[in-house]
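Open the model in your viewer and keep the selection tool at hand. The tour goes from stop to stop, with what to select and what is there.

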Amino acid sequence: MHALEVNFDGLVGPTHNYAGLSYGNVASLNNAASFSNPQEAVLQGLEKMKAMHDKGLTQGVFAPHARPDLNVLRRLGFTGNDAQVIHKAFKADPILLRACYSASAMWTANAATVSPSPDTTDGKVHFTSANLNNKFHRSLEPSTTTRLLKAMFNNDKFFAHHTHLPDQGFFGDEGAANHTRFCDSHGEQGLEMFVFGASAFNSQLPKPAKFPARQTLEASEAICRLHNLKDSSQILLQQNPDVIDQGVFHNDVIAVGNANVLLCHQQTFLNQALALQDIREAYVGNKEFYIIEVPTDKVSITDAVSSYLFNSQLVSLEDGSMLLVAPQECKRNSAVNAYIEEMIMADNPVNQVQFFDLRQSMQNGGGPACLRLRVALNEQELAAVNPEVILTDTKYTQLCDWAKRNYRDKLGASDFADSALLTESYQALDELTQLLNLGSVYDFQLEG
């Protein structure tokens, strides 16, 4: 059956800010305490979505989360009405409060792992929200993410939703940022590559020494079981611990794949030559499988991380060619730009590049690939998706108008003491759930 891959991009939330909360994410740490511009951020993301839609791709929209998270603040002992909780938290622990304001759910590559129906033994599309327990601000996301996914993919005949893995480091799961699917076409069985940073139980496997390994082997194995993956549709590989310690906190900072192409750095995997051989041998398609391995002497790890070359998207266009969707930082980096030009002239399916200004997201450590969750769907499955979360020209205009009316153009540290920001944010999201026909998905709606 004919199928296509839909990118569901995260809308940047109204409280987008730079708090430097993500240890191991170099860009996040470097831009801590800078002023943010939530309105510019959401419009930059929408512009990328519209550009993909204009190229004939089916583009989806993923709603942000409600912030600040007042429930967790109350669990931590802050009492009173909403304004009093915010005031007390700001006075006692402003860093904690900013974590509860974080708009990190915008990076939907971390929202969940998705396995398309051709890969599963029951023929359903499977979703498991990531637990993201390595970072406090992201550990607040799984329950809302699951509710959003169920509101978007609400048909038990086609879609299976799983509770996120146990909230414990042994099963640290960061979602699709460490998951890539290879296939001849999206409607055929594919090979799902799970990349883990370390093992929780096997002390014989190496680990990074400086920064944490956020995805465990045990979490990846559990996702394979939950999703009823065919044995021939799964391969588990370990990320190079040395590059994690250089700021490569997810596999999608060092590798990106699409269909029958893997674009990766020379230092991506532990025992790289063997890992690449294993992928080639496990590939279940009939087409030629392309591995584009970027040499260190052409693009250093430092340049890869600062430019987010590998956090670009690779997408298949209607004419069969592939487009690299890259951040502007790749164009500004001479070594990276030179490599991209060399790659699109070489003998491989990637023959176009388009650069996007995603500065607001990039400064917090997320490029084009971080902003999207890929879901391969056949025609019946796509017809069962909530149609209001699929981007159209009209929906794009509505979302831009909504953002301009509801988002501030500047946020700094003192703004988080102002309970008006909560009121603005909740009102914006209440309106958005109607615009996207999501129903009641946020705590403030369910409790109201």
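**Stop 1: two positive phi values**

Select Asn437, which sits in the loop between H17 and helix H18 (443–447). Helices (H or I, at least four residues) and strands (E, at least two) are DSSP runs, numbered from the N terminus. Phi of Asn437 is near 55°, a positive value in a residue other than glycine.

Before moving on, note the ground rules. This is a predicted model, in which local features need pLDDT of at least 70, side-chain atom pairs count only at pLDDT 80 or more, and totals for chains, interfaces and linings use all residues. Residues are numbered from 1 along each chain as its sequence is written, and side-chain values use heavy atoms, with hydrogens and water left out.

Now select Ala259, in the loop between strand S9 (255–258) and S10. Its phi is near 50°, again positive in a residue other than glycine. Ala259 is buried, at 7% relative accessible area. Buried means under 20% relative accessible area, exposed over 50%, and partly exposed in between (1.4 Å probe, protein chains only).

**Stop 2: H16 against H17**

Select helix H16 (residues 393–406) together with H17. The two pack at an angle of about 170°, with their axes 11 Å apart. Axes are lines fitted to C-alpha atoms, for helices over the stretch in contact, and angles run from 0 to 180 degrees between N-to-C directions. H16 is therefore roughly antiparallel to H17; angles over 145 degrees count as such, under 35 as roughly parallel, 65 to 115 as roughly perpendicular and the rest as oblique.

Show side chains. H16 brings Lys395, Gln398, Leu399, Trp402, Arg405 and Asn406 to the contact, and H17 brings Ala428, Glu431, Leu432 and Leu435. Contact means heavy atoms within 4.5 Å.

**Stop 3: H4 and its cap**

Go to helix H4 (residues 82–92). Which of its residues are buried? They are Val85, Ile86 and Ala89. The arc is that of the directions from the helix axis to the C-beta atoms. The face turned away carries the exposed residues His87 and Lys91. The buried residues of H4 pack against helix H3 (70–75), helix H5 (94–101) and helix H17 (419–435).

At the N-terminal end of H4, select Asn81. Asn81 caps the helix, with a side-chain oxygen 3.2 Å from the backbone nitrogen of Ala83.

**Stop 4: a cis proline**

Select Pro68, in the loop between strand S2 (59–62) and H3. The peptide bond from Arg67 to Pro68 is cis, with omega near 10°. Pro68 is buried, with a relative accessible area of 0%. Leaving aside neighbours within four places in sequence, Pro68 is in contact with Ile86, Cys100, Tyr101, Leu422 and Tyr426.

**Stop 5**

Select helix H10 (residues 272–282). Gln272, Ala275, Leu276 and Ile279 are buried here. Their arc is 95° down the axis, so they line one face of H10. On the other side, Ala273 and Glu281 are exposed. Elements covering the buried residues of H10 include strands S6 (179–182), S7 (191–196), S8 (234–238), S10 (261–265) and S11 (290–294).

Notes: Polar contact = N/O pair within 3.5 Å; in protein donor to acceptor, adjacent residues only side chain to side chain.
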